[in-house]
Amino acid sequence: MARLNLLEETRFEKLAVSVFENEHIASRKVARRIADIIITKQKAGENAVLGLATGATPVEVYTELARLHREEGLSFQNVITFNLDEYYPMHPEAKQSYVRFMDEQLFDHIDIKKENIHIPDGTLKKEDIADYCLDYERKITEVGGLDLQVLGIGRTGHIGFNEPGSAPNSGTRLVTLDDLTRRDASRDFGGKENVPTKAITMGIGTIFKAKEIILMAWSKKKAPIIRKAVEGEISSSVPATFLQLSDNVEFILDFDAASELTRFDTPWLVKDCIWTPQLIKKAVIWLSETIDKPILKLTEEDYNSNGMAQLATEQGPAYDININVFNQLQHSITGWPGGKPNADDSQRPERKDPSHKRSVIFSPHPDDDVISMGGTFIRLVDQGHDVHVAYQTSGNTAVWDTDVLRYMEFAIDFKKSIGEDASKFEAIYEKMRVFLKEKQPNDIDLEEIQEVKGFIRKTEAIAGARFAGLKDDQIHFMALPFYETGKRQKNPVTEKDIELTMKLLQEIKPHQVFAAGDFADPHGTHIICFRIVLEALKRLKKTEDWVKDCWFWLYRGAWQEFQVHEIEMAVPLSPQEVKRKRHAIFQHQSQKDKPVFPGDDEREFWVRAEERNRETAVNYHKLGLANYEAMEAFVRWKF
């Protein structure tokens, strides 16, 4: 019976999928499977032939394999490897080369024979590539074929570098990279313009010949493409869908990557559900959006015709369910994000007491506060609350080099204008110009350049916070150590990061804490900063009574927005408040027009924010609620 239930739950899925709580557990499972293949082959006196992938996804798998070698004696003497792909052109010693990646992540830490390692050669002459690719295929065949092929998946649906349009019988070849693939790689290369336009990749036909195929994916960023690959129709526009044709493939996912599969996203379509209040809310909003009817107009027939008969039968009648969900949404809307004094707060998202709250807004970068919750920020100040903003990092990698020179030129001219000696500034300026002329993508800036970039972001943050109404003693710059590497790759979080956060919280003793909850930030800074704040609050809760009355709110806006069913506080903004928020964002001039790291969204940050806020208001209105100009959304995190 359990197996039948599983088949019913997964009936939308066209290949085998295993879902794990997180990527750490999943990675260890994959590493164990690889180790078992190696050991089985060793006992039989045979070689284990592995197809390996690069990128962030398999890193923990390789870390665990290295640990198994180091601590448990797993030998790789009988292992032959073939990597999926390599950029072209690409020197093996380059920071972005997959040769260097594999050495640093795995090969330098195990006892594999160097002659058993095969990675496509990114230094070939173009006229030699075709013969080289045929030879690459021949070598795989000569060693008996791949016992296991490990894959990741790109957001275009590519496996290896088989981009949309690739044929299911394709072999190893030179390909042109999709624009989205190049954008995703831009961080490693210091900008999309530095990413190679081509790559050498194993073909889909080559991958299919493997005896086993494992495709791994982690994080919500991969969830949309995973749904297409697992549940969509087979199409060359999503090359990973060709894996549905194989009987030897398994997708290994963490929960976030699996979250948009039907069994998780809309489980009522595949099985009977335990109808929690949150699931009811999600289902009713989904139904309203799916058939484009306001919640209060949904009927029993609508429920029955759209896979929600169980809900109507067990929790109905339908109109009572509609009223309940409508009221929940209505009660999430408040013009008083700090609580409304002398009012009944039983149906409001925030408490009325104390009427004047101490609030801390944690901003991972120096502009996230006004981009993501600028309207609420201004309203909290206007309503008389004691608001503090804490900028967790300097953001000093996200400033154009030309801005550094411009500010230095200003400083030099200003010194001269007041009759002071500017020779020291001029010497530093010339040093900067020489460095920047020779600077390569992802080179670490000179310390002086890092400082100027940090000063630029700091002065802009001060201007934005002042525009929102804060006094200078309410503006805090934390410069958390994990961030201050001068590189895009940051250090691990240490006790110092948590202690600095605890110290600030202890000084303010807030009733409200706001932190970034848009974990789609492509650089990972937001989720790191969130975890630091959460850990600090958890520790303080053990010893400090004030923490028990402190509510922890998450905001989004810079990179994504909450779905309506998730929102617990929606703060409506008038046209005038939208304009005030825009001008607060405009104080961050170094991020205007085109920021250094725009991510996938090419719109300016103020445009993103306004359009997301307006979309939230429109979504509420379509569900049958009041029609506001815009809304900022928050979710309360219980800790």
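This is a predicted model: local features need pLDDT of at least 70, side-chain atom pairs count only at pLDDT 80 or more; totals for chains, interfaces and linings use all residues.

1. Residues are numbered from 1 along each chain as its sequence is written, and side-chain values use heavy atoms, with hydrogens and water left out.

2. Helix α16 (residues 401–417) and helix α17 (residues 423–438) have axes that come within 10 Å and cross at roughly 165°. α16 is therefore roughly antiparallel to α17 (angles over 145 degrees count as such). Helices here are DSSP runs of H or I with at least four residues, strands are runs of E with at least two, and both are numbered from the N terminus. Axes are lines fitted to C-alpha atoms, for helices over the stretch in contact, and angles run from 0 to 180 degrees between N-to-C directions.

3. Residues of α16 in this contact include Val-404, Leu-405, Met-408 and Ile-412, and those of α17 include Phe-425, Ile-428, Met-432 and Leu-436; contact means heavy atoms within 4.5 Å. By class, the contact of α16 with α17 has 10 nonpolar, no polar and six charged residues. Ala, Val, Leu, Ile, Met, Phe, Trp, Tyr, Cys and Pro count as nonpolar, Asp, Glu, Lys and Arg as charged, and the others, Gly among them, as polar.

4. The axes of helix α11 (residues 277–291) and helix α14 (residues 318–332) also come within 10 Å, crossing at roughly 100°. α11 is therefore roughly perpendicular to α14 (65 to 115 degrees). Ile-280, Lys-281, Val-284 and Ile-285 of α11 meet Ile-321, Asn-322, Val-325, Gln-328 and Leu-329 of α14.

5. The count comes to 20 aromatic pairs, where rings of Phe, Tyr and Trp (its six-membered ring) pair if their centres lie within 6.5 Å. Phe-255 and Phe-264 are edge-to-face, at 5.1 Å centre to centre and 75° between the planes (over 60 degrees counts as edge-to-face). Phe-255 is partly exposed, with a relative accessible area of 40%, and Phe-264 is partly exposed at 25% (partly exposed lies between buried, under 20%, and exposed, over 50%, with a 1.4 Å probe and protein chains only).

6. Phe-552 and Phe-639 form another edge-to-face pair, with 6.2 Å centre to centre and 80° between the planes. This pair links distant parts of the chain, 87 residues apart: Phe-552 lies in strand β15 (residues 551–555) and Phe-639 in the segment after β17 (630–637). Phe-552 is buried, with a relative accessible area of 0%, whereas Phe-639 is partly exposed at 21%. Phe-519, Phe-530, Phe-552, Trp-637 and Phe-639 form one aromatic cluster.

Technical notes:
Angles under 35 degrees count as roughly parallel, over 145 as roughly antiparallel, 65 to 115 as roughly perpendicular and the rest as oblique. Rings of Phe, Tyr and Trp (its six-membered ring) pair if their centres lie within 6.5 Å; planes under 30 degrees apart count as stacked, over 60 as edge-to-face and the rest as tilted.
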